[in-house]
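Please open the model in your viewer and keep the selection panel at hand.

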Amino acid sequence: MNPYKFTLVALAMSAAIATQAAAQDITLRWALHPGAEADAVVEYFAPRYEEETGIKVIGEILPANQLRDQMSIEAIGNTNRWDMGYHSPGWFGTFAPHVLDLTPFIEKHGFDVSAYPDLVVNSHMTSSAREGEYIALPTTPAAPMLIYRADWFSHPDEQAAFEAQFGRALEAPGTFAELREVAEFFTRDAGEMLAGEELERDLYGWTDALGAGVGITRSFIVVLYSAGISGWDDDFQPDVGHPIVNEVAEYFVDLAKNTAPREAQNWGFLEGLEMFRDGRLAMATMWPQGVGIVETEGGDATGNVGYTTLPLWEGNLKGFTQGTPFLGGGGVFIFDTPNADEAFKFLKWMLQDNEVEWGKRSLQFSRKAHFQSEELRTLRPYYTEFLPTFEQVLQSVFIRQGIPEYGAVMWGGATDYITDVYSGDLSPEQAQERWVTNMTEAFKAAGYLE
Amino acid sequence: MTNMRSSFTRGWWFLAPGLLLMTLIVSVPLFMAFRYSIHRVFLYRFDDQAFVGLANYLRAFRDPLYINALKTTVLFTLGCLVLSIVLGLLVAFMLSSRQVRLRPTWLALFLVPFVVTPVVAGIAWRFFMWQQEFGVINSILGAFGGPSPYWLLDRETALAAAIVSNSWHLTPLAILVFYAALTTIPDELFKAARTDGAGPIQLLWYIVLPMLRPHMLFISIILITSAFREFDMIWSLTGGGPGRATTVLSIFAYDRGIANQDMGMGNSIAFSMFIIMAVAAWIYITVYRRVLEHEE
Amino acid sequence: MISPRTRRRLLVVLLHGMLGVWLIYSVLPPVMLIAASFNSTALFRSPLDLLLLRDFTLTNFSQAFTRGAFWFFFQNSVIISSAAVVITLVVCVPMAYGLTKISGRAKSVVSFGVLAMRFIPYVVLALPLFLVYVNLGLAGSRAGLLLAHLAIHIPFATWMLIGYFESVPPELEKAGIIDGCSPWNLFWNVTLPVVRPGIIALAILVFIMSWNEYLFALFLAGSNAQPLTVGITRFLGGAEAGVEYGIIAAYSVLIVSPVIVFALAANRLIVSGMTAGAVKG
């Protein structure tokens, strides 16, 4: 077979595959971030929707650390692999050309935008890159909080020991400096005592996911935003060159190395909460998606979890009065496939027509009705504490900028920076200089600067 | 005369279609890799490409991370090379002894690591061999009262662990080549040496090694090319971490090109790998020819 | 005093013992996968517990089939690997044969080219191909992924095949020419049967290479083309560690068992085929 013939055959093959896919009944494909909400889609909403309408919904759950890369690849490749995709406000750039303006659908099908708090609408539905459009629907807007073992914190032995060592009462830390002290206090080897009992395995004071890439970046950037860093100002002048960035990094590295378990370096997102559930952690930074894990029935921590906002970074640049993570979690895009209208109908059915059910199953709360619903507040014993804390977390969050470069200059920049500082491959100053240079170059290339 | 011409054209008729296809599917991406490497190509602004000359290369070479990845790649490649050759030679030498029974069966089973899917091999080593608490290696160490390190999470040990895992995958090739070569060494040679009072070690050093020189060279280049470009195994084993301890050039190119969406830089890293390998290939082929001539 | 005979026996025992240790080392990682796939809590068990199947279960496999959409990925792996084998052989067998028939400078230039292509790092092809396919509309198609595989297989296969063809005694063809064979007949009826075992071995090797391939799939496989090596990675980011490792192990076993069975069954062929290609110098 000569090469030209072969190329023709190859092209014909791919064309045949494409037409074959189009000839099938409607199937909606959705790229999902792992978590309870993804399980809820796959196990509950998709089968129910198929029963009601005959339309098949396939939720494809991708590993957290590959989701963005894979979605970029597919979007740029024009593969139409997914009709719907996970929307994280910082990731918008790469997919932007394939993301539909949802305004016509919202009007046509009567989707109620005012059901979401303004901050959520700002962050998850609109983007400065596409003024005047709604580009996504929120599904899991979320920001992390601090959880701690209330039973150990209130144990008299621990209280006395802490007071003797630090001269103040042992309570949920209000500042990051206090967090480090408490975390170090609770970091103990197997065989030592904890709340009157001998430890069978090592105990760690605090953790967040520290895995390469997404894991450590998310954990670090939460502290960085709490210190009042935005990335750049209105004139696109980077502020990541500020000395506070290195202060935060040194603090973070110290905390992570001395109080978090080594296994955390394998974790991308929520994996570490199982260790909290099993009674091997005193505190953890927890995204709300994880509450089901730490309160698993029969777990060591169940019923003993204390919830509070992230601590304050003293001397932060913006005068925050509590820890201020970015508003993360996500929503759902609709891509420019022939199934767009059907995809929107499905989402509206799930998020609006079944709003309380969505909250209940996905363990995600973002619509006003979720916080007002008596049914939800009393659904599980721990919701009475967890829900108000989460409502308070959402009062002070950073809304990420919607420019296409965000992923590269801020998220990717933070990944490089903290990876190299954490590993010691570069000094904080070197890594910082690199970050500022790359950001400036990217802004120049994009025409924002000079 | 006609005979010669017909034999000449006959060969080309068989050769041409494949040659064309091969040239096409290898040189097009290669050319495009070079083209992208001298352009500004960001995935998030894919339609906005501009010629930038060698700027991507300069950016890469000035980046300490590139130097680090290059260093890691060289260490990884040399580590795999040495380990696979030494172990492969020892095993092949033992296996080639006349006293060993069922030699083909042994050889068949020794080949298993080579056919195991590298991604899966990485998973197996990560979760069940190197794992800190319940992994096989730490369990064995623990039984002898040894320490239980975090092999893959420690910067000091991660690269070594990756080298061991990858050598596990590559050694069967070395065993196969050396074994095949050893079986061609005539028995009389060994017998003569033994009557002269040589032990196994002397046999290996003075008789076997010199005879295996061309095979050694041959397997070296196979191992070097394979280890130099390795991606799958490291990707599923450590993902390039902890930090950048196992970020070899292949992974670094992916990291810049896809994760950081900077395809210009990604392609310039990849193309620099190609150039390094091209030089290695040239050296190898020259040396190989010389050794063969020398042998003949 | 140990008699020389006992000493030799001891040596034989020692030899087998050392080979046994190497055998255990060689097969332990896949054996651990098999063991873990049949236990319900794969990672919270010591290796011995796993090997003794203390927590025996089959649910990992049913989970791998259902939640892992196993058949979808399996289908892609089979189609791409088989197509790669067929096309590689159709293209390379004549090509390698032709190469042994041309002479002089052209031959050494072409052989050098074939050899040189084996040195190309895969990522150098994968990164640009990803963008090239975007422009050609081949992104995410089986055909595109297949083409990328061929870029690896064709130089490899041609190189191996040259070795086989060169080992065919020239007297055979001379006899054919005297009998008045056409060039095609000579190739098809005289030379090809001699190298058939080598070609079968090569076919198996190419199949295994395609089956095991991950890098290209990561870059180039879209909705229709994902093979099993991509399928398994969807479990790697899972949150429920204790449960998931069993499924990962089961999935791994499902991926590698075809190639291992294949390799063991056709072992003699592979060994002789690879050595013929390898030792020829």
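Helices (H or I, at least four residues) and strands (E, at least two) are DSSP runs, numbered from the N terminus, and two strands pair if DSSP finds at least two bridges between them. This is a predicted model, in which local features need pLDDT of at least 70, side-chain atom pairs count only at pLDDT 80 or more, and totals for chains, interfaces and linings use all residues. Residues are numbered from 1 along each chain as its sequence is written, chains are lettered from A and ligands numbered from 1 in the order in which they are written, and side-chain values use heavy atoms, with hydrogens and water left out.

**First stop: a hairpin in chain B**

Select strand 1 (residues 39-42) and strand 2 (residues 45-51) of chain B, which run antiparallel and are joined by 3 bridges. The two strands form a hairpin with 2 residues between them. Phe42(B) has Arg45(B) of strand 2 as its bridge partner.

**Second stop: the interface of chains B and C**

Next, display chain B together with chain C. In contact (heavy atoms within 4.5 Å) are 90 residues of chain B and 95 residues of chain C. The two chains bury about 8400 Å² between them, 83% of it on carbon and sulfur atoms; buried area is the accessible area (1.4 Å probe) that two parts lose on being put together, summed over both. On the side of chain B that touches chain C, helix 1 (residues 2-37) of chain B gives the most, with 18 residues.

How many salt bridges does the rule find across the interface of chain B and chain C? The rule, a side-chain nitrogen of Lys or Arg within 4 Å of a carboxyl oxygen of Asp or Glu, finds 0 there.

Strand 5 (residues 145-149) of chain A pairs with strand 9 of chain A over 4 bridges, in the antiparallel sense. Within this pairing, Leu146(A) has Thr308(A) of strand 9 as its bridge partner.

**Last stop: a salt bridge in chain A**

Over all chains, the count comes to 30 salt bridges. For one of them, select Glu60(A) and Arg81(A), whose side chains meet at 2.5 Å, N to O. Glu60(A) lies in strand 2 (residues 56-61) of chain A, whereas Arg81(A) lies in the loop between helix 3 (64-76) and strand 3 (84-87) of chain A, 21 residues apart.
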